[in-house]
Amino acid sequence: MGRWTRRAFLVSGLASWASAEQKGALLPSAWHRYSDPATEFEVLRLTDPAHSSWLPAYYNRTLARRGAFLLYASDDTGSAQAYRMDLHSGESRRLTEAAKLDASSLAMLPDERGFCYWDGPALHQIALGNLRARQVYEVAEGWDRCPGSSVADDGTAIVGEGRNGTSRLLVVGLQKGGARTVTEAPFILSHPQARPKRAQILYRQADEALWLVNLDGTQNRKLPLADGRVGPARWSPDGRTILYLNFPDDPTQLHAIRECFPDQGSDKLVARTSQFAHFGCNTNTSVFVGASQNRAAPYILILLRLTRRELSLCEHRASNPSMAAPIFSADSQQIFFESDRDGKPAIYKIHVSQLVEETEPESG
């Protein structure tokens, strides 16, 4: 091999950095395994905490059904961008060149061939095969985007726009473009979620209430929930019920997972928790995973629905426990969560195959 001059070395380094800042660039694996000091379970940190990495909103799909890859955001190259991590090698590919990416907005499309994301006021769709991106919608002039958005089973985007304390719920066509107003609200709605297998949309009124409306705008109604504040809420994978965290007004009472049956207009207790700040569920809702806000025991835990018993998996030690937002893989064998325990926000994974029965991923 020829000798490297100082100039050649510097030029090579600059070229590598420039390529890393381009769409399609590859990042090497930053995986780090460790044994949790409290439980001795093995935990895998997937991203480097020297940079910030974020999981998308908990109700948007970020994991491939068969476990091949993870969709996430990182500022590894200076600005927040979307990445696709190969969950076999740990290598990540940069997917976007966004000016102002909303990391929480990444949402995989039902066919897993692409995803959509918000770049400032504009909604974009990108194909994973060729990384070709196109803008499909922009928030109307005089309006602001409401918190959260999601993708329905039919590939349409569900978004909200607000102004002067009021808002409107929209359905945006990702293929042909165009938006249609479903309903309007006298408050700022947030985190709209399409109901699986049904033509309805769930949306929030801050932490006060959950609302459900038909896709054609009819039967817009407030759901009957337990007294107290409404925490994270999500559809069960089969779309039959809404699972949510209930935070009692009395701070001495335990946070609880509850289940609302919108078709019957009823609500019931699933289980009280060790002060979950956030939670997720597996495909058949037989097991829940939660992030406790208990300062003396900042754990990621699983909770068995049948016995209502909890098992500590590892410490999350997130500065804000709700950021952990743990989620199951489609086969229920892995749990992913976010934490800034080692510096900046990073993504972690823990295997639970010895504790949770494998489930069959839902078909697309």
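Trainee: Why is R258 called buried?

Mentor: Buried is the word for under 20% relative accessible area, exposed for over 50% and partly exposed for the range in between, with a 1.4 Å probe and protein chains only. R258 has a relative accessible area of 17%, so it is buried. Before we go on, this is a predicted model, in which local features need pLDDT of at least 70 and side-chain atom pairs count only at pLDDT 80 or more, while totals for chains, interfaces and linings use all residues. Residues are numbered from 1 along each chain, and side-chain values use heavy atoms, leaving out hydrogens and water.

Trainee: What makes R258 and D267 a salt bridge?

Mentor: The term asks for a side-chain nitrogen of Lys or Arg within 4 Å of a carboxyl oxygen of Asp or Glu. Here the N to O value is 2.7 Å, and the pair qualifies.

Trainee: And why is D267 called partly exposed?

Mentor: Its relative accessible area is 21%, so D267 is partly exposed.

Trainee: Which parts does the pair R145 and D102 tie together?

Mentor: Their side chains meet in a salt bridge at 2.6 Å, N to O. R145 lies in strand β12 (residues 144-145) and D102 in the loop between β7 (92-94) and β8 (107-108), so the pair ties together parts that are 43 residues apart in sequence. Strands here are DSSP runs of E, at least two residues, numbered from the N terminus.

How values were computed:
Helices (H or I, at least four residues) and strands (E, at least two) are DSSP runs, numbered from the N terminus.
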